[in-house]
Amino acid sequence: MEHTVSAYDDDLKAIARMVTEIGGLAERAVGDSVEALTRLDVALAQRVIAGDKELDRLQRDIEDKAILVIARRQPMASDLREIVGAMRIANDLERVGDLAKNIAKRVVAINGVFPHKQLITGVEHLCEIALQQLKRVLDAYASQDDQAAGAVRQRDDEIDALYTSLFRELLTYMMEDPRNLTFCIHLLFCAKNIERIGDHATNIAESVHYVVTGRSYEDERPKADASIASTIAGS
Amino acid sequence: MSAVQAATPFETVRTPDPANRPIKVHTAKVKVTYGQKEALHGVSIDIAEKAVTAFIGPSGCGKSTFLRCINRMNDTIAGARVEGKITLDEQDIYDPDLDVVELRARVGMVFQKPNPFPKSIFDNVAYGPRIHGLARSKADLEEIVVTSLQKASLFNEVKDRLSEPGTSLSGGQQQRLCIARAIAVSPEVILMDEPCSALDPIATAKVEELIDELRANFTIVIVTHSMQQAARVSQRTAFFHLGHLIEEGPTDHVFTNPLEQRTQDYITGRFG
């Protein structure tokens, strides 16, 4: 049902539209940064770095608009949740943009040295899943689909598990030959960034759940990041 | 929509009080008819002691009608008939043997427009204790007046002009004077029918602050058109619509995640 004051509906729609927009930008930044990494495309990496400003700007715009709506209309119930949700989700997406930017910066730093192509494949695969998660959770937000958001949240352990195995693999390469160190450390950070992007997708899923149902998940979400427990001896 | 509801048995959606406060006023299936027209279709609610309960709902939903049942104000309206059961501390307030004047001393009321008597500030507050014989001496009476004005957060503003007419005060002060007058007879329950709707935001804030202080000692029921006010001052909220109690629950819950669609539509401003 529409609000009695139609400008209120326009405000809420504008916020949702901006969130969708920042979502699209974040998705593209992640995809581009990993593509820049696999192809060692410095120009593309530079574009990702430059594009982050737009994400930051949109996040601020969403926040400003949300604050204005709160001040102007004192939203209640589902409206209030929608606005709070939009603010949270925009924050997560802004962070996703930062992480993509960080990957792009590392592409510039690696600067053409590329000893082990097969290592990149692991990162690429990790990124594919993270991107899928991001896309699905943004779709869940757009369609206010609580079930779809729940599915995203359940799948995060896949990323965690993949990250752990990548961590062990990189550790092995570093032990084999110290000349791999720089490259592997950069790659490890890239992988960690992608793993964090997955975490943000889960956060967004939790926000969608809150917006739709008014409740927070009570159970702990599944976790499979065992990299903390990995040691050189254990790897 | 209303015809369908009247034909089918109606269930109020309830969320219990997490604080588990004792029940001060209990009502069961309260119906009010004005002549041929049924204004309330059976309202059952338990009102928690020493807490603020807000009644919200669009105009004509029955919230004020229901409020007036709690101190039998509807008795004064010709053609009004009240059915069902209302108890105050488990005592039936519609018992024919009950002294209505005494009931109204226990259940005080504050109205929408401040209505001080055309008397001095002092006499406005002293009026109730005098007619109920609550003061044994002049000093007694003075003490009651001063404490009531203090409890109503008005004393400091009027202490030097207690003999001036109550009507000489500002609107907000007049409303607090009426609250002082209501609490002077030591009621247990205070009913407030849109107590701030004629006040400016600052006077409103003072009355809200006062309501928050008063709930330590009194059970308060407030009817308000301002959803924000209900959200600010109350611990429990009851939403009325077309003579039904639609939903009642903890205020925090009702304003962030109401269970009923109609509550949701009303508090978010989507009512047609």
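I began with the buried residues of α2(A), and I listed Ala45(A), Val48(A), Ile49(A), Asp52(A), Leu55(A), Leu58(A), Gln59(A), Ile62(A), Ala66(A) and Val69(A). Buried here means 20 or more other C-beta atoms within 10 Å of the residue's own, with 12 or fewer counting as exposed, anything in between as partly exposed, and C-beta atoms placed from the backbone. This is a predicted model, where local features need pLDDT of at least 70, side-chain atom pairs count only at pLDDT 80 or more, and totals for chains, interfaces and linings use all residues. Residues are numbered from 1 along each chain as its sequence is written, while chains are lettered from A and ligands numbered from 1 in the order in which they are written.

What do the buried residues of α2(A) pack against? I found α1 (6-39) and α3 (77-110) of chain A. Helices are DSSP runs (H or I, at least four residues; strands are E, at least two), numbered from the N terminus. Helix α2 of chain A covers residues 42-73, 32 residues, and reaches 47 Å from its first C-alpha to its last, close to the 46 Å expected at 1.5 Å a residue. The expected span is 1.5 Å times one less than the number of residues. After α2(A) I noted Gln74(A), with a positive phi near 45°.

Next I picked Leu162(A), which is found in helix α5 (residues 146-176) of chain A. Is Leu162(A) buried or exposed? Leu162(A) has 23 other C-beta atoms within 10 Å, so I logged it as buried. Leaving aside neighbours within four places in sequence, Leu162(A) is in contact (C-beta atoms, placed from the backbone, within 7 Å) with His125(A), Leu126(A) and Ile129(A). I also checked Asp225(A): its C-alpha is 8.4 Å from that of Leu162(A), and the two are 63 residues apart along the chain.

Over to chain B, where helix α4 (residues 121-131) and helix α7 (residues 171-183) pack at an angle of about 30°, with axes 7 Å apart. Axes are lines fitted to C-alpha atoms, for helices over the stretch in contact, and angles run from 0 to 180 degrees between N-to-C directions. α4(B) and α7(B) are therefore roughly parallel (under 35 degrees; over 145 is roughly antiparallel, 65 to 115 roughly perpendicular, the rest oblique). From α4(B), Ile121(B), Asn124(B), Val125(B), Tyr127(B) and Gly128(B) meet Leu177(B), Ala180(B) and Arg181(B) in α7(B).

Last, I looked at where the chains touch: 14 residues from chain A and 13 residues from chain B make the contact. On the chain B side, α11(B) gives the largest share, three residues.

Methods
Contact = placed C-beta atoms within 7 Å.
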